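Hi,

Here is the model I said I'd pass on. Have a look at it first, and then read my notes below.

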Amino acid sequence: MVIEISCEDVWREVSNYLDGDITPQLRARMREHFKGCKHCTAVLDGTRNVVQLVGDAKAFVLPAGFSDRLYQKLDRKLSKDDQL
Amino acid sequence: MSAVAVRTGLPGTSLRVDGKTLAGTKSQVEPLELEQIQRVLGGQHEAFRELVRPCEPAVFMATQAILKNEADAEDAAQEAILKAFTNLSKFRGDSKFSTWLVRIATNEALMKLRKERRQKLHDSLDDGSKNEKGDYVPRDFADWREIPSEALQTKELRQALSRALASLTAKHREVFVMRDVQHFTIEETAKLLGIRKSAVKTRLLRARLQMRDALAPGMDGSWSTGRREYKQVRPW
């Protein structure tokens, strides 16, 4: 017999659920809740998808010219150090 | 740069820094990185580019997570990389080089942020959707059609991700980026930011839910098809 859990409590734990950072009992209660709650399932799926997307190396790109500016700065520093 | 010996070897061998072997320190450094570090410390400064180039996106993300402004984030990222160059002899090899570099970048950005805050005491506190207990309540409950990673090739989705990230407050953004973009553990994130693990978890929850809400307009599949106008799907 799994004790019911409210939607609010599910939202509070959804991040820990994704990280596997909850007790087996709570996981079972949440799993049971997802079976009957479309809204919470949508929250879970969407949050999981966000985590997958932002964790992808393609998600964020460097500003144009970042490397050029960085190494110009480094070269300036090196030539300054050499002069000392 | 001080005379430093870095013994190149297979992963698991110890590093020799400032003449001392770091006894019991299991090196986390890749053999290629070790070789590059050795070359830099030996005076071949051009090897530093090879060492740093793969880490550039992670360093920039670390500073951008803390500093909303792209120019400030770039400035802090550059400063961090220059500091890493100057202090390379202090790198102990007990973490990956990229992790060490991201830590320097995070500290650099936090220092810059604190300076800014002292000058202008504010934080863009978002109102969010809070219930009586102060929890974040999701705004949107429509079915989320999974966005495949191929969709990241569309500029619109990448821009939407950046906008969504920028909409988070600094304290939520830094936790979210460290955990979900840079894959630090909860414990590492807490340590780096000097906050409790429970605070990391609370901020992470809010950031993840807020990111989901911010990206919701494209959840009907628009992100995958690259269509500019979203046909929002609401089942009620």
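This is a predicted model: local features need pLDDT of at least 70, side-chain atom pairs count only at pLDDT 80 or more; totals for chains, interfaces and linings use all residues.

**What I found**

For chain A the mean pLDDT is 88, with 95% of the residues at 70 or more. Of the 84 residues in chain A, 21% are buried. If you take the contacts in chain A between residues at least 6 apart in sequence, 58% of them join residues at least 24 apart.

Chain B has 10 helices and 2 strands. Both kinds of element show up in its order from the N terminus, β-β-α-α-α-α-α-α-α-α-α-α. Buried residues account for 38% of the 236 residues of chain B. For contacts in chain B between residues at least 6 apart in sequence, 62% join residues at least 24 apart.

**Where the chains meet**

Between the two chains, 39 residues of chain B are in contact with 32 residues of chain A. On the chain B side, the elements that give two or more residues are helices H3 (56–66), H4 (70–86), H6 (155–166), H7 (170–181) and H9 (197–215) of chain B. H9(B) gives the largest share of that side, 8 residues. By residue type, the side of chain B that touches chain A has 21 nonpolar, 12 charged and 6 polar residues.

**Helix H1 of chain A**

H9 of chain B turns up again here. Helix H1 (residues 7–18) of chain A has 12 residues and reaches 16 Å from its first C-alpha to its last, close to the 16 Å expected. Which residues of H1(A) are buried? They are A:Val10, A:Trp11, A:Val14 and A:Ser15. These residues are on the same side of H1(A) because they cover an arc of only 140 degrees around the axis. What covers them includes H2 and helix H3 (38–54) of chain A, together with H9 of chain B. After H1(A) comes A:Gly20, which has a positive phi, near 65 degrees.

**Helix H1 of chain B**

In helix H1 (residues 31–41) of chain B, the buried residues are B:Glu33, B:Leu34, B:Gln36, B:Ile37, B:Val40 and B:Leu41. Seen down the axis of H1(B), they fall within an arc of 165 degrees, so they line one face of the helix. H1(B), too, is followed by a glycine with positive phi: B:Gly43, near 105 degrees.

I also looked at one residue of this helix in detail, B:Val40. Why does B:Val40 count as buried? Because it has 23 C-beta neighbours inside 10 Å, and the cut-off is 20 or more. Leaving out residues up to four places away in sequence, B:Val40 touches B:His45, B:Ala47, B:Phe48, B:Leu51 and B:Leu88. One of these, B:Leu51, is 11 residues from B:Val40 along the chain, and their C-alpha atoms are separated by 9.0 Å.

Cheers

Methods
Residues are numbered from 1 along each chain as its sequence is written. Chains are lettered from A and ligands numbered from 1 in the order in which they are written. Two residues are in contact if their C-beta atoms, placed from the backbone, lie within 7 Å. Helices (H or I, at least four residues) and strands (E, at least two) are DSSP runs, numbered from the N terminus. Ala, Val, Leu, Ile, Met, Phe, Trp, Tyr, Cys and Pro count as nonpolar, Asp, Glu, Lys and Arg as charged, and the others, Gly among them, as polar. A residue is buried if 20 or more other C-beta atoms lie within 10 Å of its own, exposed if 12 or fewer, and partly exposed in between; C-beta atoms are placed from the backbone. pLDDT is the predictor's confidence in each residue, from 0 to 100. The expected span of a helix is 1.5 Å times one less than its number of residues. The arc is that of the directions from the helix axis to the C-beta atoms.
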